[in-house]
Amino acid sequence: MDRKIRVLVGKPGLDGHDRGAKVVAAALRDAGMEVIYTGLHQTCESIVEAAIQEDVHIIGLSILSGAHMTIFPKVLSLLEKKQAKAIIVIGGGIIPREDMKKLEKKGVKKLFGPGTPTTEIVHWIRENVGARSGKTRPRKSKKTRSAKKR
Amino acid sequence: MKKDIWDKKLKTCKERDHDFTTVSGRVTKTLYTPDSIRDFDYDRDLGYPGEFPYVRGVYTNMYRGRLWTMRQFSGFGTPKDTNKRYKYLLNHGQTGLSVAFDFPTLYGRDSDDSLARGEVGKCGVAIDTLRDMEILFHGIPLDQISTSMTINPPAAMLLAMYIVVGEKQGVPMKFLTGTIQNDMLKEYQAQKTWIYPPEPSMRIITDIMAYCTEHVPRWNTISISGYHIREAGSTALQELAFTLKNGFTYVEYGIKAGLSVDKFSPRLSFFFNSHLDFFEEIAKYRAARRIWARLMQDKYNAQSPRSYLMRFHTQTAGCTLTAQQPQNNIMRTAFQALAAVLGGTQSLHTNSMDETYALPTENAVKIALRTQQLIAYETGVANTIDPIGGSYYVEALTNELEQGVYKYFAAIDKMGGVVKAIDKGFFQREISRSAYQYQKSLEKKEKYHVGVNIFEEEGKAEMELLRIPKQVERDQVKALKGIKRERNNKKVKEALRGLHKAAADGSNLMPKILDCVRAYATLGEMCASLKEEFGEYHEPIIF
Amino acid sequence: MNFLKKILKGDKLTIARVISDVENESNAKILEKIFPYTGKAYHIGITGPPGAGKSTLVNVIAKRLLEKNNKIGIIAVDPTSPFSGGALLGDRIRMTDLALNKNVFIRSMASRGSLGGLARKTIDAALVLDAAGMDYILIETIGVGQVELDIAEVCDTTVVILVPESGDSVQAMKAGLLEIADIIVVNKGDRDGVDRLLMELKFAFELREQKAGWDFPVLKTTATTEAGIDTLVFEIQNHQEYLNKSGRLEKERKAKLMRRINELVGDKIKLHLREKIIQKEELERIIDKVYERKLNPYNIADKIAKKMIKTRN
């Protein structure tokens with residue numbers, strides 16, 4: 001049986017603009033993915049913890065508050081600390097291009113600006129999760145990989 | 001019959017391949033004629049400007065007497081940064097101030113709160129104590145300008161700070177003019193800035209209404225806002241219906257609290273969005289005025305004509321701005337601003353072209369302000385009152401919207417009113433469905449957005465952007481620590497205890513909040529003390 | 001066997017991944033390895049119609065149980081969209097209080113359309129949490145159909161949650177919810193119509209009480225203010241004690257295991273049938289004739305069954 005793509009859509013910080021997050025969540029669902037929506041006002045810690053327990057492939061964060069340079073790096077470092085770096089971090093919102101470039105260098109895999117069609121996001125996720133479960137997470141090597149992490 | 005001839009000819013014409021519905025999906029006909037408004041009665045349905053039912057405007061000579069207030073919403077960084085921007089805007093002909101607060105302030109949290117990390121001064125100005133407010137309005141005489149503050153759960157605290165700044169400038173509170181948004185219902189529905197559950201929030205709001213009616217009579221106590229409902233993705237009709245229903249709900253709560261409807265309702269004002277669909281927007285404002293006047297008279301038995309007047313502020317639609325080809329946003333905003341003016345707005349904010357990237361630069365804000373000045377001084381649209389009135393299309397659309405609103409009202413009443421419908425997630429669901437539908441119609445190219453799904457260009461625009469340095473957060477936190485050291489902490493504790501007591505015993509909160517503010521209690525401290533009594537709100541699960 | 005050790009130690013990353021494997025049926029041997037370490041956790045099913053406040057209630061029940069130093073696993077099941085196969089899982093929104101508690105593990109599951117399979121996968125996921133040392137496992141499902149009844153059936157205590165909206169009790173009876181309930185809760189107790197619903201429910205339970213020897217409690221809660229929660233948690237643990245003392249817990253769990261074995265045998269046979277006996281190509285070849293009514297399905301089924309029995313012998 002094919003592994004379903006699981007995505008966590010998160011709204012970190014105090015920003016209440018959830019239109020984009022909800023539209024993307026609905027679009028991913030309609031593309032056959034399982035979407036865990038965390039609700040508003042989440043801390044980075046609770047987002048990372050949820051992503052781990054839900055065993056998602058992808059964390060997608062929506063930030064329109066200008067706090068992106070604080071939040072994305074924090075989520076990345078928490079994932080690393082929790083040995084869950086395999087989870088891909090992507091995002092969207094009101095983010096200047098210059099900051100997008102900086103964040104992508106720091107390890108955010110992809111940032112989508114305003115006006116991105118949801119189909120583009122769906123497509124990107126399919127491509128990249130496919131690559132991940134093919135290479136870094138084959139079903140049978142689970143035990144060996146778990147062993148390495150000890 | 002000429003119409004028959006035209007009908008016949010029309011059938012032979014080929015239409016271009018286009019979706020002829022409004023941006024909200026409303027079907028439009030090829031042509032509107034006197035037939036489209038057959039039961040139309042000028043005196044009953046339109047009337048004269050400043051006369052019932054106020055469709056043509058709330059004042060007798062409208063813009064011939066006074067132009068709308070050009071009020072650019074702004075705020076960023078520290079109070080000092082924003083003070084400088086205010087002076088810049090006033091020097092360039094802006095006629096009123098509108099304060100944008102940062103997220104921690106909007107949520108009643110101090111700059112040193114753990115959830116405030118990375119957000120201090122980013123989306124607006126950071127205000128922690130009275131000291132910040134003193135800096136924000138330094139050198140700006142409060143008796144000469146009107147100030148609008150976009151603030152909701154902690155509205156009472158920010159108003160109290162403004163009052164005390166006035167006191168210190170020697171301006172008694174009865175002369176202060178301005179607006180606090182203070183519209184919690186739309187927060188639960190759309191903008192999602194909340195602290196307490198709906199019922200205690202409504203109590204705070206009625207406390208403010210009661211206090212201001214008596215002590216700050218020129219202050220607009222609630223700005224009932226459709227803007228955020230629309231930004232969250234609603235249609236024009238939903239914006240109109242939900243906003244009006246919220247307005248009537250505040251009226252009902254005021255009456256229930258024992259206030260006289262003619263005393264407090266003239267201080268209610270409204271705030272609408274101006275979106276892409278030109279005529280639909282104009283019709284929306286006209287329908288809003290008519291519905292408000294009719295129901296205030298028929299249903300709520302208001303006697304004073306001032307209670308029938310719907311005065312409103314308009315902001316062009318931020319959600320229609322594009323990151324692609326950002327200069328196009330100047331034109332978009334101009335059309336939207338024109339619709340607001342033709343719709344008879346009392347004040348207007350025009351968005352800046354760079355706002356899909358960051359807060360606007362000085363230069364971008366100036367162009368946005370100039371757009372309004374151009375409409376006012378060059379186009380001639382302000383020379384005569386309601387030049388669109390009598391258009392078959394707009395009048396038909398106005399009627400249609402009004403009828404649609406009554407249908408929504410009936411549905412909400414059936415659920416037990418606005419607060420119950422919020423609890424059921426009705427508004428939230430309606431809005432997110434419309435938002436998703438619109439996104440899908442863009443992706444299917446049923447609707448167009450220039451630069452996004454039609455006439456796209458390769459390559460990315462480079463723009464100069466406003467950067468908020470990280471230093472802002474550190475400075476603000478440091479200033480806050482300083483205040484906490486300097487102030488009389490015993491006095492602060494006493495004042496906070498007084499506030500908590502008032503929350504518990506049901507007496508008006510405003511005098512106690514003023515005590516706290518004068519003692520330099522922080523916003524976070526005041527909100528925490530109310531939270532103890534009122535609890536916190538958690539959102540329902542709605543998609 | 002490293003992964004097993006990690007599960008037993010409660011390593012959340014490993015638990016999460018093994019639950020995925022169980023859910024995807026991608027590693028059949030895992031459950032065999034885990035099984036010896038299970039049987040300790042107490043399973044509480046929480047079910048009721050959409051909008052009854054289940055997640056909020058699960059959140060407060062969990063908070064109370066945590067105060068008594070228990071480890072809590074939560075599985076929240078939501079429906080998969082029948083059109084796209086995707087799902088929006090939002091139950092965590094209601095459980096932010098628990099998100100960072102080290103003694104809590106929350107997992108959202110989508111029903112994924114496979115009716116019989118859902119109950120089984122949920123139970124299997126619960127096995128993983130059981131092995132990981134959870135004292136209580138709360139399984140939250142929307143009480144609308146057979147699937148939920150199946151899940152509730154495997155729980156030790158089933159709590160059915162209703163709200164005082166019109167016709168709720170009737171709906172619940174139609175869906176068979178009242179028959180699986182050990183405890184009934186009327187949530188949103190501050191709303192109109194609560195007392196009427198409570199009365200109806202108490203009346204409905206009188207008959208069952210006489211037979212069962214368990215005094216089915218009908219409780220009123222308001223999850224948002226946590227009113228009535230202490231009583232609810234008390235009654236859950238009361239039911240646990242009643243099952244323990246009366247020996248019913250063991251009896252029922254044995255019965256459940258027997259059903260489970262039968263189910264697994266059934267599954268294996270079906271799989272064997274699909275893979276070995278019924279050749280898809282062969283069926284495709286003759287289906288035209290069936291469509292044209294030249295052959296009939298009854299006769300074909302008979303032949304295939306005979307062939308299977310022959311191969312077995």
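Hi everyone, this is a short walk through a predicted model, chain by chain and then across a contact between chains. Residues are numbered from 1 along each chain as its sequence is written, and chains are lettered from A and ligands numbered from 1 in the order in which they are written. Because the model is predicted, local features need pLDDT of at least 70 and side-chain atom pairs count only at pLDDT 80 or more, while totals for chains, interfaces and linings use all residues.

Let's start with chain A. It has six helices and five strands; helices (H or I, at least four residues) and strands (E, at least two) are DSSP runs, numbered from the N terminus. From the N terminus on, the order is β-α-β-α-β-α-β-α-β-α-α. Of its 150 residues, 58% count as buried, that is, with 20 or more other C-beta atoms within 10 Å of their own, the C-beta atoms being placed from the backbone.

Now chain B, which has 23 helices and 10 strands. Its radius of gyration, taken over C-alpha atoms, is 24 Å, close to the 24 Å that the globule rule gives for 543 residues, so chain B is as compact as a globular protein of that length. The rule itself is 2.2 Å times the number of residues to the power 0.38. Along the principal axes, the C-alpha trace of chain B spans about 85 × 60 × 50 Å, and 53% of the residues of chain B count as buried.

So where do chains A and C meet? The contact takes 32 residues from chain A and 32 residues from chain C, with two residues in contact if their C-beta atoms, placed from the backbone, lie within 7 Å. On the chain A side, the largest share, six residues, comes from α2(A). Strands also join in: β2(A) and β3 of chain C (residues 87-89) pair in the parallel sense over three bridges, where pairing needs at least two DSSP bridges. In that pair, Val35(A) stands opposite Leu88(C).

Val35(A) turns up again in the largest nonpolar core. This core, a set of buried Ala, Val, Leu, Ile, Met, Phe, Trp, Tyr and Cys residues joined through C-beta atoms within 7 Å, has 266 residues, and among those with the most contacts inside it are Val35(A), Ile513(B) and Val128(C). Helix α7 of chain B (residues 155-169) gives the largest share, 10 residues. As for Val128(C), leaving aside neighbours within four places in sequence, its contacts include Ile7(C), Ile15(C) and Val18(C).

Notes
A residue is buried if 20 or more other C-beta atoms lie within 10 Å of its own, exposed if 12 or fewer, and partly exposed in between; C-beta atoms are placed from the backbone.
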